[in-house]
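This report describes selected features of one structure. Please look over the sequence and the structure before reading on.

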Amino acid sequence: MADDAVTRAQEAAAAAAEAAEALQVQAQEAIKKAEEAAELARAALEAQQQATEPRVEATPVDGGFDAPASRATQPPAGGFDAPGSQATQPPAGPLDADQIAAIKSGYAFEGAALEMGALVNGEAMPDVPVRIPLAMTNRHGLVAGATGTGKTRTLQVLAEQLAAAGVAVFAADIKGDLSGMATPGEGNEKLLQRTEGIGQAWAAASFPVEFFSLGGIGKGVPIRATVAGFGPLLLSKVLGLNDTQESSLGLVFHYAENAGLALLDLADLRAVLQYLVSEEGKGELEGLGGLAKATVGVILRELVTFAEAGADVFFGEPEIDTVEFLRVASDGRGIVSLLEVPGVVDRPALYSTFLMWLLADLFNDLPEVGDLDQPKLVFFFDEAHLLFNGASKDFLAQVVQTVRLIRSKGVGIFFVTQTPKDVPADVLAQLGSRVQHQLRAFTPDDAKALRATVSTYPRSGYDLEEVLTTLGTGEAIVTVMNEKGAPSPVAWTRLRAPQALMSPSADAAIDALIGASPLLPKYGTPLDRESAGEILTAKMNEAAAAAKAADDAAAKAEADAEFAKQQAAIEKQQEKERRAAQAEYERLMKRTSGTSHSSRSSGSSSRSTSRSTGGSKSTLEQVLGSKAARDVLTTVVEGIFGTRRRK
């Protein structure tokens, strides 16, 4: 009985516990629903208040925002970036007051900085500037965005401020728009309305510009490089060679350097290649593995195609001294070196590889300087995706190494391209500042690239996957490396406007600047000194002349030997004929001697017979007068006096 009571009590307790747990779950659900209802009610109330009450001015206190001031203001016509508007409480946007305060604090640098623009939180906030520390521009950066979103204008804004701070700038002008930096800008009402709305005191200005061209194609001081200075790795990329062909080309460069054969232009390289597979030169590389004729044939064909595309003019002397790109004007502003490349836009591999050569040459020539207050040079690499298309592992490794180490030489690099995925991850990992303009997600691949881009940003108060597709022209998501080397907060930024002309400068103005350049006398006229082509041509001509002389001597010796042989045969034949004639003569003489003796014994009868027959000839006379005797005697005489005609 007692056991049954205990069992029933336990069952009752378990049932009570289950009932209590169920009641607890129901209570939690009820509380959650009540909170949701309260939230909805609160949101509705706030929406109603925002619709009926005027916005009030906020006064920033200690980086944050204090209670609303007593004076209420209505937003001016045209929005908060209309001219003359004061800093007001930001309209409803994705960021709250604490997040805005964090961004403002994150971009409040102590040292000199480049002004990028103002924070956007629904509208622009001129009292929250977004900036890049000048000292951190040598930690490299990325300007990315779809076509037409303002990348070139961002590049111009950065270049103008760098030049104003005394930093030299190098940029490739793909479309010719950057040439406008040499001409003051043109203001208008719309421009001034925008700039005042972000707190920019805009004024037209021009900047010191030097125009360059690749090998003289287009306008500007010609930039040339020697083939040896360009190197086998970069040349292999631009020629599209595979690993085996690239290795063989490296062997050719190694041989030329050791042999004292200067590789100045493409003709020099072709001459060395042809020499090393010729009879005279094929033994030169036997100890190093040699060259396959098929491989050399491929390289030569690619060189011919390369030259026909106009690359011949890019290689040669005088080779540009890259220190020319670090110059500062007499007023202390950095000179902006613009590489005008509209004429080579159809040769992207050459353009991008040539820019990489410039970086590599700077890396090799400049001394180590460590961290400076400001860089010596900032290099803008427009259309950067062209550099990496089809690049070999060795080439990418060289790019990564250059980007990683060149900052210690006082050089900063900004890659400008359409999407971050155009730049290899190892290169992106070296970049400190990012300015991301609008991205478009029209295809599954675009959407995938968008998600990949978003995943690389620090956490923020934005829905970046949405924001990046809705940015307006001249707006960007910015994050930079602060003065302590840490990333700054992600900031939706309305960017500043350039002070110089945002369209190409007039041709007459460009021509005048080029004509007055102090570099034109130094680099304007190509040189053609003795190099590998001339040396090997002379060497092969000498070898050909020596071979011809040897062939001529051999031919003469052979002719002389043949003549001597024929002469000996003739003399032998003559000797044989002479002996035969002599023998015939002796035989006839013997015969004649016998006949003469018998004639003496019968002299009288003979004489009588002779008289009776009317003077008949003697036997000797008959023999000597015969045709056979005349032939024998002629042969003997001719043999003795050497007058016999040679047949």
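Is Asp-331 buried, partly exposed or exposed? Asp-331 is partly exposed, at a relative accessible area of 48%; buried means under 20% relative accessible area, exposed over 50%, and partly exposed in between (1.4 Å probe, protein chains only).

## Basis of the model

This is a predicted model, in which local features need pLDDT of at least 70 and side-chain atom pairs count only at pLDDT 80 or more, while totals for chains, interfaces and linings use all residues. Residues are numbered from 1 along each chain as its sequence is written, and side-chain values use heavy atoms, with hydrogens and water left out.

## Salt bridges

Side chains of opposite charge can pair when their charged atoms come close. The structure contains 15 salt bridges, a salt bridge being a side-chain nitrogen of Lys or Arg within 4 Å of a carboxyl oxygen of Asp or Glu. One of them joins Asp-331 to Arg-333, at 2.8 Å from N to O. Arg-333 is partly exposed, with a relative accessible area of 26%.

Glu-279 and Lys-282 form another salt bridge, at 3.2 Å from N to O. Glu-279 is exposed at 61%, and Lys-282 is partly exposed at 44%. Salt bridges also link Arg-139, Asp-371 and Arg-407 in a network.

## A link between distant parts of the chain

Lys-522 and Glu-324 meet in a salt bridge whose closest N and O atoms are 3.2 Å apart. The two residues are 198 residues apart: Lys-522 is in helix 17 (residues 520-523), and Glu-324 is in the loop between helix 9 and strand 9 (336-340). Helices (H or I, at least four residues) and strands (E, at least two) are DSSP runs, numbered from the N terminus. Glu-324 is buried at 9% relative accessible area, whereas Lys-522 is partly exposed at 49%.

## Helix 7 and helix 9

The axes of helix 7 (residues 243-258) and helix 9 (residues 293-308) come within 10 Å and cross at roughly 90 degrees. Axes are lines fitted to C-alpha atoms, for helices over the stretch in contact, and angles run from 0 to 180 degrees between N-to-C directions. The two helices are therefore roughly perpendicular, a term for angles of 65 to 115 degrees.

Gln-245, Ser-248 and Leu-249 of helix 7 meet Thr-295, Val-298 and Ile-299 of helix 9, where contact means heavy atoms within 4.5 Å.

## Around Phe-363

Phe-363 is part of helix 10 (residues 348-365). Leaving aside residues up to four places away in sequence, Phe-363 touches Thr-402, Leu-405, Ile-406 and Lys-409. Phe-363 and Leu-405 are 42 residues apart along the chain, and their C-alpha atoms are separated by 8.0 Å.

Technical notes:
Angles under 35 degrees count as roughly parallel, over 145 as roughly antiparallel, 65 to 115 as roughly perpendicular and the rest as oblique.
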